2 protein chains.
Amino acid sequence: MTAGLTTAQLTEKHRPTLDQALDAIRTRAYWSPFPEHPKAYGAEGAVPGSLSAAEGRAAFEALRGGRFELDQPGTDGWAGAEVSPFGIELGIEYPHPAVDELLPALRAAMPQWREAGPEARAAVCLEILTRINARSHEFAHAVMHTSGQAFMMAFQAGGPHAQDRGLEAVAYAYAEQVRTPGSADWSKPQGKRDPLELRKEFTAVPRGVSLLIGCNTFPTWNGFPGLFASLATGNAVLVKPHPRAVLPLALTVRIAREVLREAGFSPDLVALAAERDGEGIAKTLAVRPEIRIIDYTGSTAFGDWLEANARQAQVFTEKAGVNTVVIDSTDDYKGLLGNLAFSLSLYSGQMCTTPQNFLIPRGGIATDAGPKSYDEVVADLAAAVQGLLSDDARANGLLGAIVNDQVKERIDAAGRLGEVALASRAVENPDFPGATVRTPVIVKLDGAKPDAEAAYFSECFGPVSFAVAVDSAADAVELLRRTVREKGAMTVGAYTTSPEVERLVEEACLEECAQLSLNLTGGVFVNQTAAFSDFHGSGGNPAANAALCDGAFVANRFRTVEVRRPA
Amino acid sequence: MTAGLTTAQLTEKHRPTLDQALDAIRTRAYWSPFPEHPKAYGAEGAVPGSLSAAEGRAAFEALRGGRFELDQPGTDGWAGAEVSPFGIELGIEYPHPAVDELLPALRAAMPQWREAGPEARAAVCLEILTRINARSHEFAHAVMHTSGQAFMMAFQAGGPHAQDRGLEAVAYAYAEQVRTPGSADWSKPQGKRDPLELRKEFTAVPRGVSLLIGCNTFPTWNGFPGLFASLATGNAVLVKPHPRAVLPLALTVRIAREVLREAGFSPDLVALAAERDGEGIAKTLAVRPEIRIIDYTGSTAFGDWLEANARQAQVFTEKAGVNTVVIDSTDDYKGLLGNLAFSLSLYSGQMCTTPQNFLIPRGGIATDAGPKSYDEVVADLAAAVQGLLSDDARANGLLGAIVNDQVKERIDAAGRLGEVALASRAVENPDFPGATVRTPVIVKLDGAKPDAEAAYFSECFGPVSFAVAVDSAADAVELLRRTVREKGAMTVGAYTTSPEVERLVEEACLEECAQLSLNLTGGVFVNQTAAFSDFHGSGGNPAANAALCDGAFVANRFRTVEVRRPA
């Protein structure tokens, strides 16, 4: 062991931040300990010991074309073939796990971690997050070149915002574990006889090994909550990244192992399971008896498979939904158009929260700029997107790259689904000529036509959205209800100046359990949520069985064991 | 509507009790608002407006031989054929549900209940519990004559202790819902520009209809936590009692409906689903799409079926386990024997928490009365049980009646499993000549013999226990570990004066997730837990996937929906 930090030192260092996080999840006011501006990092920035932009880039480049060493046990070879959506090969190889050797090592690491208790575990988790934060510029490149996010988004969403979500999970995990005291004296009166007296001790115990199944588009943002919730509640975590987005989570695992070792714990509490091409190792791991918790973000098909088959585990899934925006009326038509254009363009609509269906009354809508027909609304939205992305540099900065061929195929096929209101344009990226960069498609559909339903009633992941003509606002709300109930939704948006329509939409979201953004016309977008304040998903409709983050996300990752004895 | 209580009045009335309950689950000190002594009830007792012993008996008798009217919708006939384990026919018929009519009524009742909010819902639940409490003497007879519990136990466990567990669930449900504030103002700084500002509203929303599948032995004690946890979190609850233990839950449903109506809510938030003989209605209801939560206590086979098949619902199960007591050494041999004899005798061992396997080193144990050989320990335990039950009146008061023929068959078959150290004796019950009353059997088994494992390594529900000879304390701990891991356990007990053995047992319970009682020699028994302080089950071994009561028991019964709009 190196001259490591004691858990007492780590607790002293991080307790104020933990307390602020605990306060933030109670008040849900704005708070973040991790600056989102790139300039906050580096020698001249506010974050001590952090990598500058140049250092982060250099660190990323130094990783390329090499073996990513991790000193974890149970390695039987090397795997990895990441190619950036921006067209460059990463050429990094990661240790491939010998599962029968690796899983027992994870299990063996847990008793000492359990004994450390909730506060020490939280402090160690915060130290891991703090070190990740200091390397946000390195993570930004790792996230950019695996997800296809443009640099600024990769930096923010893949860096500080993901770290916020990780910290939020630590705070929930800590709060949940300390709801029950470590010990209690129990004295039951017995009338004239002596009272019955017991001394009781309560210990939060882990469930077992937790499996994180990472996704391609948001490896850290979607991965950190489950990873840190499980680690903070005493479990060991096996990280199985998406084969096309290994690097951000491999860096995470390396830092976690480094901190754990320095703090005197077994580094095997966190390990990587990189897989060979087409190996499908998640399916094998998910049903191992050692795996007692699974966090998953990805396709509905595999999420459903996990829920049905990984019966030995608590399974937390974020799958797919059909996000809907009801457009009834507005007092800020320009703001509406600009806001939605941005939502559609950001990361080429490759977010699980990007709107897909715009429900617009065929009779048009009332706006501060006068009544607008359905056709006008669609044309104006198309023009707003076009305007936003007319400059290639700005377009590249917003769109990023198309993450995989399936998304590209969906863009190319969208024109067959209906009348194209906005065609997708290929954008050149001068820095990365190999990148596939595409602007969004908007397709017009008539909600009354049964054959249109096949298109708008299933998820079309990527920059394809549907302007669905409906009979009325009430009709839109009915379709919204049916969509959320049957297909799920990560987000719902609505624009209306009518208290009655607002009430109908709210009631639909309350009854069908969907998160609602109303009348967003400024710098907040329906597809973005803020840690400590907004819930990501509801956990109550088919899009996801969990929300980030709440009590339910952490409460069943551990159990409380009571030992009682006569006082 | 009658001149009902407003929710504001109910909140004022019950808020102090709720606050005390919230405090108790935080400190886990002794607390109960519901007196456990029968004399606290009636005109001269401490509980205002409560039924006396005579009034309770009369109320019960008045119900016999009649139709139990409930004004719930969707009734297509009558069902019910309860026969008391004490030998009398109840002759009560209950409404039989037309499910397709009843379930929509439950769903329709929910929006208003959701709107009432967590505090009003908690107050209404407390009013229901308070009215149930006032009728504890009536419930005692209902529980006695369905479960076979002797009167005093039926009164306490089926009355105040069950009410405590219900209140505990309400407290957890309330605390969980108010962790997120009703609203928040969010303001994110934007450097020199105006901050981004949002107004956010958070609403706890129900999952849907909750199904309670009651059990025969503890209809109220095991039923109230799920019922009240679901109701307090905004769900409607359909109560499906065990066909042999309908009355206690039918009374509960009637009182709940009465209170709900008086408080201005739809009584259809709680309804009964009594079934016809052999109908198996639970299997049909459990997979209905309306059912989003299930609480179940009963056999492992059906519990496993529910977990595997009711995929649309959150399923909370308490199944069966093999409860184990390690006997290594003691400094109060007499106390040990007396304590275990009582645990074996109470309700003829028909508790999910009753010890089944006593693991005793074949070389004997050290005690304050000198070393005792394995044979001596077993003989002394048998003698202690015999002594405790030598007087028929006392035996009847402790044992109650055998709940069903399967238990009786197990008693009669126990002698074939090994050497009988204590044979079961039939006890006459002068008050109820039709009752089957039997004392416990203790069978000696050699843990080293493979053929003995078939007996001690599966649950033998009822008054049958095994004195298993093991090689050493370490061997006992290994068998304990394997038993908990593979068969589950609701309770573990241990007697030892050795710090090393104590440590081994504790570590086994922490790692295998079982609740441990150490060295109980007085008036607290391994098979009893106290609400607000002890956890019933751990939710982390095969005996149960939930514990009563903790955050995990309530957190996923509702979801939080956020509505955000520009400030």
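Let's start with two helices in chain B, α5 and α6. Helix α5 covers residues 136–147 of chain B, and helix α6 covers residues 151–158 of chain B. They pack at an angle of about 115°, and their axes are 8 Å apart. Keep in mind that this is a predicted model. The crossing of α5(B) past α6(B) is right-handed.

Which residues of α5(B) and α6(B) make the contact? From α5(B) we have Ser136(B), His137(B), Ala140(B), His141(B), Val143(B) and Met144(B). From α6(B) we have Phe151(B), Ala154(B), Phe155(B) and Gly158(B). Sort the contact of α5(B) with α6(B) by class, and you get six nonpolar residues, four polar ones and no charged ones.

Stay with α6(B) for a moment. Its buried residues are Met153(B), Ala154(B), Phe155(B), Ala157(B) and Gly158(B). What covers them? The cover of the buried residues of α6(B) includes α5 of chain B, and also α7 of chain B, residues 160–177.

Next, the sheet in chain B. This is an open sheet of five strands. Read the order as β7-β6-β5-β8-β9 (chain B), with parallel pairing. Why is one side of β7 and of β9 of chain B left without a neighbour in the sheet? β7 (270–272) and β9 (314–318) of chain B stand at the edges, so each has a single partner strand. Neighbouring strands of this sheet are turned by 15° against each other on average, ignoring direction.

Look inside that sheet. Strand β5 of chain B, residues 209–213, runs parallel to strand β8 of chain B, residues 291–297. Five bridges join them. One to find on your screen: Val209(B) has Ile291(B) in β8(B) as its bridge partner. Packing on the sheet is helix α3 of chain B, residues 99–108. Helix α3 touches β5, β6 (236–240), β7 and β8 of chain B. Its direction makes about 145° with that of β6(B).

Over to chain A. Here, too, five strands form an open sheet, in the order β7-β6-β5-β8-β9 (chain A), and the pairing is parallel. The edge strands are β7 (270–272) and β9 (314–318) of chain A, each pairing on one side only. From one strand to the next, the twist averages 15°.

Strand β8 of chain A, residues 291–297, runs parallel to β9(A), and five bridges join the two. In that pair, Ile294(A) stands opposite Val315(A) of β9(A). Now the helices. Helix α8 of chain A, residues 247–262, packs on the sheet and touches β5, β6 and β7 of chain A. The direction of α8 makes about 150° with that of β7(A). Helix α7 of chain A, residues 224–232, lies across β5 (209–213), β6 (236–240), β7 and β8 of chain A. That helix α7 runs at about 160° to β6(A).

Last stop: strand β17 of chain A, residues 492–495.

What pairs with β17(A)? Strand β10 of chain A, residues 324–327, runs parallel to β17(A), joined by four bridges. There, Ile327(A) stands opposite Tyr495(A). Three bridges join β17(A) to strand β18 of chain A, residues 516–518, again running parallel. Ala494(A) has Leu518(A) in β18(A) as its bridge partner. From β17(A), the chain crosses through helix α17 of chain A, residues 499–512, to β18(A). This β-α-β crossover is right-handed.

Notes: Residues numbered from 1 in each chain as written. Chains lettered and ligands numbered in written order. Predicted model: local features only at pLDDT ≥ 70, side-chain atom pairs only at ≥ 80, totals over all residues. Heavy atoms only, no water. Pairing = 2+ DSSP bridges. Axes fitted to C-alpha atoms, helices over the stretch in contact; angles between N-to-C directions. Contact = heavy atoms within 4.5 Å. Left-handed = near helix turned anticlockwise from the far one by under 90°. Nonpolar A, V, L, I, M, F, W, Y, C, P; charged D, E, K, R; others polar. Right-handed = clockwise from strand over helix to strand, strands pointing away. Buried < 20%, exposed > 50% of the residue type's maximum accessible area, 1.4 Å probe, protein only.
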